[in-house]
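Work through the following exercises with the sequence and the model side by side. Each task is followed by a solution that goes step by step.

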Amino acid sequence: IHIILIIISIIIKVIILIIIVILIVAAGVTAYILRDKWLPFFEGIGTRYHSTVNKNNGELAEGNFPISVSGNSDYQTAVVGSYITYLDDTHFYMYSSDGELVADRQHTYSKPIMKAGGQRVLLYDSGGKKISVEGKQKTVYTKTLEKNIILARISSNDMVAVVTESDNFACELKVFKSDGTECYSLKNADERIVDVCFKNANDGCIVTTISASGGKLVSTLYSYDFNRSEQNWNTEKIPTMVMNVDVMSDGTIIAFGDDRCVYVGKDGTVGGSYEYPA
């Protein structure tokens, strides 16, 4: 009888141990599945589940590279000066050129977009009203616009242009200096602004709009200087939907459309185009 009791006691202990192990494993699995919800509460204690891994086993790897990133959220990356920036749906990160984490900040944007400037990063909430300009040491400034944001851009000297919706106009444009003070504004009555590109000297910008002509989308480029309210020039209607504009070092403008790219001189004359073969 004594031996039977000993055996029963051992079996009970084993069963209890198995139950404890099962509970621990279940808790661990549950915590891992729900990590996106509870890990942000530990902001500042660690770097969430984004980690730097020391694996210098490749010829191109230096310092803390490669940087291992986990999670199922969409993300964006950019290069600002000598730093690498990373944005996901809850956090903004900045890494040095050797992979050291130098900034880890939480944001609350529902549709975050990141744009790289000269030494700073612009974050904005697409369809929302908030923007922030991030530096290596701190958030330089934040702003809450009156209307919902359509798009925003940052220049090489960290000026910011923001296009918003408007009650009485098609859209509005506001430009801010690097310290966050407003220096220029524009209200576009008839056409929707789809892109803003700063000029090389950052003393003005090229604004791209779209409208309809003959049942097709057409684009117009406008040149503005920040020290005057009137436009410098505008192009003729360009028969494509321009989505992005770049200003070259000599002032020539290349407008990239959905079916062709168009070359525009610094005086606003359309010099030619290249239609994509496919």
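A residue is called buried under 20% relative accessible area, exposed over 50%, and partly exposed in between, with a 1.4 Å probe and protein chains only. The model is predicted, so local features need pLDDT of at least 70 and side-chain atom pairs count only at pLDDT 80 or more, whereas totals for chains, interfaces and linings use all residues. Residues are numbered from 1 along each chain as its sequence is written, and side-chain values use heavy atoms, with hydrogens and water left out.

**Exercise 1.** Determine what secondary structure the protein contains and what share of its residues is buried.

Solution. Begin with the DSSP runs, which are numbered from the N terminus and count as helices (H or I) from at least four residues and as strands (E) from at least two; they give two helices and 22 strands. Next, take the burial of the 278 residues, of which 41% are buried. Finally, turn to contacts, meaning heavy atoms within 4.5 Å: of those with a separation of 6 or more, 34% join residues 24 or more positions apart.

**Exercise 2.** Work out which strands stand at the edges of the sheet that contains β15 and β18, and why one side of each is left without a neighbour.

Solution. Two strands are taken as paired if DSSP finds at least two bridges between them. On this basis four strands form an open sheet with antiparallel pairing, in the order β15-β16-β17-β18. The edges are β15 (192-198) and β18 (231-234), and because each has a single partner strand, one side of each lacks a neighbour in the sheet. Neighbouring strands of this sheet are turned against each other by 25° on average, direction ignored, where the axes are lines fitted to C-alpha atoms. Looking at one pair in detail, β17 (residues 216-225) is joined to β18 by three bridges and runs antiparallel to β18, with Tyr 224 standing opposite Gln 231 in β18.

**Exercise 3.** Decide whether Thr 164 is buried or exposed, and list what Thr 164 touches.

Solution. Locate Thr 164 in strand β12, residues 160-164. The relative accessible area of Thr 164 is 7%, so this residue is buried. Leaving aside residues up to four places away in sequence, Thr 164 touches Leu 145, Lys 147, Asn 148, Ile 149, Ile 150, Cys 171 and Glu 172.

**Exercise 4.** Classify Leu 5 by its relative accessibility.

Solution. Leu 5 belongs to helix α1, residues 2-33. With a relative accessibility of 53%, Leu 5 counts as exposed.

Note on methods:
Axes are lines fitted to C-alpha atoms, for helices over the stretch in contact, and angles run from 0 to 180 degrees between N-to-C directions.
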